[in-house]
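Me: I would like to go through this model with you, one element at a time. Could we begin with the helices and then turn to the sheets and the ligand?

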Amino acid sequence: MIKCSLGIDIGSISTKGVIIDMDNNIIKSAYIETKGNPIGAVKELLSILKEGFNTEEYRIVHIGTTGSARKLIGTILGAGIVKNEITAHAVGTISKYPDVRTILEIGGQDSKIILIENKIVTDYAMNTLCAAGTGAFLSSQAKRLGVDVKDFGKIALSSTHPTKIAARCTVFAESDLVHKAGAGYKKEDIIAGLCYSVANNYLNNVGKGKKIIPPIIFQGGVSKNVGVQKAFSDILGEEVIAIENGHLMGALGIAILAKDSMEQDFNFNVININFETRGIECEQCPNHCEIICIKKDSRLIDAWGNRCEKGLSKLNI
Ligand code: SF4
């Protein structure tokens with residue numbers, strides 16, 4: 001029986017999962033949309049991972065979670081380790097590219113930069129406020145231009161004169177795009193211009209003041225866009241590598257980190273268990289903390305959000 005580790009990365013837009021063996025080889029992986037329902041998304045993800053997973057040959061003995069809903073899903077799955085995305089992404093990427101110095105990541109709703117030296121994270125920054133440089137922004141602009149976002153990068157590469165698009169924020173970028181389209185600029189030039197505006201916006205916000213040293217790895221959903229990849233390369237004057245499975249690096253990293261946690265038996269039956277999340281307000285002092293309660297088949301299994309122990313005293317955990 002081959003021992004395995006399961007890593008799950010639950011973000012606001014997408015949920016990713018990988019099962020690896022003890023040599024970090026990916027045995028199974030899956031990627032789905034979260035659709036505002038992290039518990040439902042993880043159950044769906046596990047159903048996909050379960051399919052064709054030979055439980056006679058492999059046994060999952062470690063579980064780790066990362067991403068914005070990591071604590072919630074970690075509780076539900078009984079994860080041995082729950083860690084932030086920065087560490088998970090760095091560990092995952094280093095396992096594939098041991099020399100990596102800079103990770104540029106642009107996801108659906110947020111973006112981050114991670115600087116690494118000798119396989120150790122030395123600095124990072126995240127941006128969850130400005131949408132102008134994210135995948136969601138690119139998707140909405142693609143729709144506006146009547147282009148499938150999957151074709152965006154290819155079309156951008158056919159441009160010889162990328163149009164300059166204001167990159168400061170979504171409002172500026174959108175109105176500039178409408179103006180340029182109305183003025184008769186070629187579609188491929190506008191699309192290429194948007195790719196440059198996304199890269200510039202990222203470098204001026206998330207990457208502000210950061211020393212970007214090669215090898216540079218580009219990850220996240222937007223890394224599949226060859227137009228944005230080229231824009232980064234041109235602006236930085238360095239090769240920017242978009243790796244295959246870049247979207248899985250967080251899940252891979254947390255699966256690797258989970259290998260150091262205590263062994264346990266994971267059962268896919270968790271898919272059939274009923275979990276419920278509820279927020280209650282503690283009224284024992286003026287702080288009025290919102291305590292998140294997780295129930296498994298109507299039984300409270302965990303709670304957090306309380307600023308002191310008193311908050312849990314009436315919950316009966
Ligand atoms: S959990 Fe503690 S700090 Fe928060 S409202 Fe209750 S008593 Fe106050």
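Predicted model: local features only at pLDDT ≥ 70, side-chain atom pairs only at ≥ 80, totals over all residues.

Me: How many of the residues of α9 is that?

Reply: It is 10 of its 10 residues, and α9 is thus described as mostly covered.

Me: At what angle do α3 and α9 pack, and how far apart are their axes?

Reply: Helix α3, residues 85–96, packs with helix α9, residues 249–258, at an angle of about 90 degrees. Their axes are 6 Å apart. The two helices are therefore roughly perpendicular to each other.

Me: Which residues make that contact?

Reply: From α3, the contact involves Thr87, Ala88, His89, Val91, Gly92, Thr93, Ser95 and Lys96. From α9, the residues are Met249, Gly250, Leu252, Gly253, Ile254, Ile256 and Leu257.

Me: And by class?

Reply: The contact of α3 with α9 has seven nonpolar, seven polar and one charged residues.

Me: Changing topic to the five-stranded sheet: what is its strand order?

Reply: The order is β8-β7-β6-β9-β10, in an open sheet with mixed pairing. The edge strands are β8 (120–127) and β10, each of which pairs on one side only. From one strand to the next, the twist averages 20 degrees.

Me: Which helix packs on that sheet?

Reply: Helix α8, residues 226–236, packs on it and touches β6, β9 and β10. The direction of α8 makes about 160 degrees with that of β10.

Me: What about β9 and its neighbours: in which sense does β9 pair with β6, and with β10?

Reply: Strand β6 (residues 102–106) pairs with β9 in the parallel sense over four bridges. Isoleucine 103 has isoleucine 217 of β9 as its bridge partner. The pairing of β9 with strand β10 (residues 240–242) is also parallel, over three bridges. There, isoleucine 216 has valine 240 of β10 as its bridge partner.

Me: Are the faces of β9 covered or open?

Reply: Both faces of β9, residues 216–219, are covered. Ile216 and Phe218 are buried on one side, and Ile217 and Gln219 are buried on the other. In a regular strand, side chains alternate between the two faces of the sheet.

Me: Now the three-stranded sheet. What is the order there, and what is the pairing?

Reply: The strands run β11-β12-β13 in an open sheet, and the pairing is antiparallel. Strands β11 (275–281) and β13 (299–304) are the edges, each pairing on one side only. The twist in this sheet averages 25 degrees from one strand to the next.

Me: How many bridges link β11 and β12?

Reply: There are seven bridges between β11 and strand β12, residues 290–296, in the antiparallel sense. Glutamate 276 stands opposite lysine 295 in β12. Helix α2, residues 70–77, packs on this sheet and touches β11, β12 and β13. The direction of α2 makes about 150 degrees with that of β13.

Me: Lastly, which residues surround the ligand?

Reply: The ligand is surrounded by Cys282, Gln284, Cys285, Asn287, His288, Cys289, Asn306, Arg307, Cys308, Lys310 and Gly311.

Me: And the classes in that shell?

Reply: The shell around the ligand has four nonpolar, five polar and two charged residues.

Definitions and conventions: Residues numbered from 1 in each chain as written. Heavy atoms only, no water. Near = heavy atom within 4 Å. Nonpolar A, V, L, I, M, F, W, Y, C, P; charged D, E, K, R; others polar. Axes fitted to C-alpha atoms, helices over the stretch in contact; angles between N-to-C directions. Parallel < 35°, antiparallel > 145°, perpendicular 65-115°, else oblique. Contact = heavy atoms within 4.5 Å. Buried < 20%, exposed > 50% of the residue type's maximum accessible area, 1.4 Å probe, protein only. Pairing = 2+ DSSP bridges.
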